[in-house]
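The following note sets out some points to consider while reading the structure. Please keep the sequence and the model at hand.

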Amino acid sequence: FSMLHAASLAELEELNHTVENIDQITAFTFELVDPDGLDEESLLVLKNSHSKVELLFAWIQCLIVENIDTGVLNIPSPILSRAFQEIANGM
């Protein structure tokens with residue numbers, strides 16, 4: 001979730017400093033784990049979003065649900081609900 005973490009730090013940075021341009025936010029310069037996993041259209045949507053953290057959070061939840069439906073994640077329900085709880089607790 002390194003992109004989610006960077007977006008969270010960027011939001012905090014933006015709240016505490018006057019930022020005129022997104023390129024001035026230090027958190028967006030951090031090295032990420034596999035940023036190429038997102039297509040260019042998704043990255044543009046994310047860049048232009050005013051709710052980057054919430055958008056990434058929703059994408060992660062959707063990916064989990066999609067991969068359960070396809071059988072990639074074969075997880076018992078109690079463990080799955082706990083995973084969603086832990087992700088939500090981080091928000």
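1. Glu13 deserves attention at the outset. In this predicted model, Glu13 is buried yet takes part in no salt bridge. The nearest side chain of opposite charge belongs to Lys52, and it is 12 Å away. Glu13 is placed in helix H1. Leaving aside residues up to four places away in sequence, Glu13 touches Gln24, Ile25, Thr26 and Ala27.

2. How many salt bridges does the structure hold? The count is 1. The side chains of Glu86 and Arg82 meet in a salt bridge, with 3.0 Å from N to O. Glu86 and Arg82 are separated by about one helical turn, because they are 4 residues apart in helix H4. Glu86 is partly exposed, with a relative accessible area of 42%. Arg82 likewise counts as partly exposed, at 48% relative accessibility.

3. The chain has 4 helices and 0 strands, and the pattern read along the sequence is α-α-α-α. Along the principal axes, the C-alpha atoms fill a box of roughly 45 × 30 × 20 Å. Among contacts between residues at least 6 apart in sequence, 49% join residues at least 24 apart.

4. The interior may be considered together with the surface. Of the 91 residues of the chain, 20% count as buried. The chain exposes about 6,900 Å², of which carbon and sulfur atoms supply 55%.

5. Which residues make up the largest nonpolar core? This core has 11 residues in all: Met3, Leu4, Ala7, Leu46, Val53, Leu56, Phe57, Ile60, Ile64, Leu80 and Ile87. At least two residues of the core come from each of H1, helix H3 (52-69) and helix H4 (77-89). H3 gives the most, with 5 residues. As a general background, nonpolar side chains tend to be buried together in soluble globular proteins.

6. One core member, Val53, can be followed through its contacts. Val53 touches Leu4 and Ala7, and also Ser8, Glu11 and Met91, when residues up to four places away in sequence are not counted. Leu4 and Ala7 are themselves listed in the largest nonpolar core.

7. Leu9, Leu12, Leu15 and Phe30 make a nonpolar surface patch of about 390 Å². Phe30 is placed in the loop between helix H1 (2-16) and helix H2 (40-48). Phe30 counts as partly exposed because its relative accessibility is 41%, which lies between the limits of 20% for buried and 50% for exposed.

8. Asp34 lies in the loop between H1 and H2 and counts as exposed, at 55% relative accessibility. The C-alpha atoms of Asp34 and Leu56 are separated by 14 Å, and the two residues are 22 apart along the chain. Asp39 is found in the loop between H1 and H2 as well. Asp39 is partly exposed, with a relative accessible area of 46%. Asp39 and Leu12 are 27 residues apart in sequence and 26 Å apart in space, C-alpha to C-alpha.

9. Is Ser2 buried, partly exposed or exposed? Ser2 counts as partly exposed, at 23% relative accessibility. Ser2 lies in helix H1. With residues up to four places away in sequence left out, Ser2 touches Leu32 and Val33. The C-alpha atoms of Ser2 and Leu46 are 14 Å apart, although 44 residues separate the two along the chain.

Technical notes
Residues are numbered from 1 along each chain as its sequence is written. This is a predicted model: local features need pLDDT of at least 70, side-chain atom pairs count only at pLDDT 80 or more; totals for chains, interfaces and linings use all residues. Side-chain values use heavy atoms; hydrogens and water are left out. Patches are made of residues with over 30% relative accessible area and no salt bridge: like charges are joined within 9 Å, nonpolar side chains (Val, Leu, Ile, Met, Phe, Trp, Tyr) within 5 Å. Accessible areas come from the Shrake-Rupley method with a 1.4 Å probe; for residues, only the protein chains shown count as cover. A salt bridge is a side-chain nitrogen of Lys or Arg within 4 Å of a carboxyl oxygen of Asp or Glu. Buried means under 20% relative accessible area, exposed over 50%, partly exposed in between (1.4 Å probe, protein chains only). Lys and Arg count as positive and Asp and Glu as negative; His and the chain ends are not counted. Contact means heavy atoms within 4.5 Å. A nonpolar core is a set of buried Ala, Val, Leu, Ile, Met, Phe, Trp, Tyr and Cys residues joined through side-chain atoms within 4.5 Å.
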